[in-house]
Amino acid sequence: MHKSIFSLIILTLFVVSCKKEQDPFQISKHHVGLLTDSTQVKDLELVFSKDSVVKLISGDEFTGNNSDIKIFEKGGKKLLSLTPRQSLDSTSVIQSVQIFDPRFKTDKNITTLSTFKDITNNYKISRIDNLINSIVISVNDINAAFTIDKKELPANLRFDMNLNIESAHIPDDAKVKYFFLNWSKI
């Protein structure tokens, strides 16, 4: 009798401890907090029920331009910018997520407060793109692209867009400005 009660208590504790609530700021390859790569635009109000969802309709519905959706905390702090796959389609899923708030973090604790060294210590760099005012570090493991302002680079690397920037050129302490998760399907 005592063994069965003890077994029942252990089983109950095990089941209760296994039930894990989703961290609203955790980032993985297929989700950002409660937002997943299969969340439809029409469901954003439910996903971000404690936040403000601002749908910016820009341009003409016939142009096919995406209309970004901004997510703000009730106090006004910008959290995310979402780009739907299809503009003006409530059943469209999200194509990309731009992260602004430093509370959002990957499973390896990379945030908008991280440095280039944090990224290289935790992920394999897939590609580095040299843009006008920034460089973009792509990490295919989590479908992420980290943007670093060129002001973080040595002066001789800031102005030549044709320069092939490699990991060795980027200072370890170069700060992430923001980053994206890209969920586009090819």
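Analyst: The discussion begins with Tyr178, which is partly exposed because its relative accessible area is 22%, and a residue counts as buried only under 20%. The structure is a predicted model, and the description should be read with that in mind.

Tyr178 has an aromatic partner, Phe180. The two ring centres lie 5.7 Å apart and the planes meet at 80°, so the pair is edge-to-face; planes over 60 degrees apart count as such. Phe180 is partly exposed too, with a relative accessible area of 29%. Together with Phe100, Tyr178 and Phe180 form one aromatic cluster.

Lys78 is placed over the face of Phe100, at 4.3 Å from the ring centre.

Phe72 belongs to strand β5, which covers residues 69-73. With a relative accessible area of 22%, Phe72 is partly exposed.

A search of the whole structure finds four aromatic pairs. Among them is the pair of Phe25 and Phe104, which is edge-to-face, with 4.9 Å from centre to centre and 70° between the planes. Phe25 lies in the loop between α1 (2-18) and β1 (26-28), while Phe104 lies in the loop between β7 (94-99) and β8 (105-106), so this pair ties together parts that are 79 residues apart in sequence. The two partners fall into separate accessibility classes: Phe25 is partly exposed, at a relative accessible area of 22%, whereas Phe104 counts as buried because its relative accessibility is 3%.

Finally, the protein as a whole gives these details their setting. Its secondary structure comes to three helices and twelve strands. Of its 186 residues, 37% are buried. Among contacts with a separation of 6 or more, 46% are between residues 24 or more positions apart. The protein exposes about 11400 Å², of which carbon and sulfur atoms supply 55%.

Methods. Residues numbered from 1 in each chain as written. Predicted model: local features only at pLDDT ≥ 70, side-chain atom pairs only at ≥ 80, totals over all residues. Heavy atoms only, no water. Helix = DSSP H or I, 4+ residues; strand = E, 2+ residues; numbered from the N terminus. Buried < 20%, exposed > 50% of the residue type's maximum accessible area, 1.4 Å probe, protein only. Contact = heavy atoms within 4.5 Å. Areas by Shrake-Rupley, 256 points an atom, 1.4 Å probe, with all protein chains shown as cover. Phe/Tyr/Trp six-rings, centres within 6.5 Å; stacked < 30°, edge-to-face > 60°. Lys NZ or Arg CZ within 6 Å of the ring centre and 35° of its normal.
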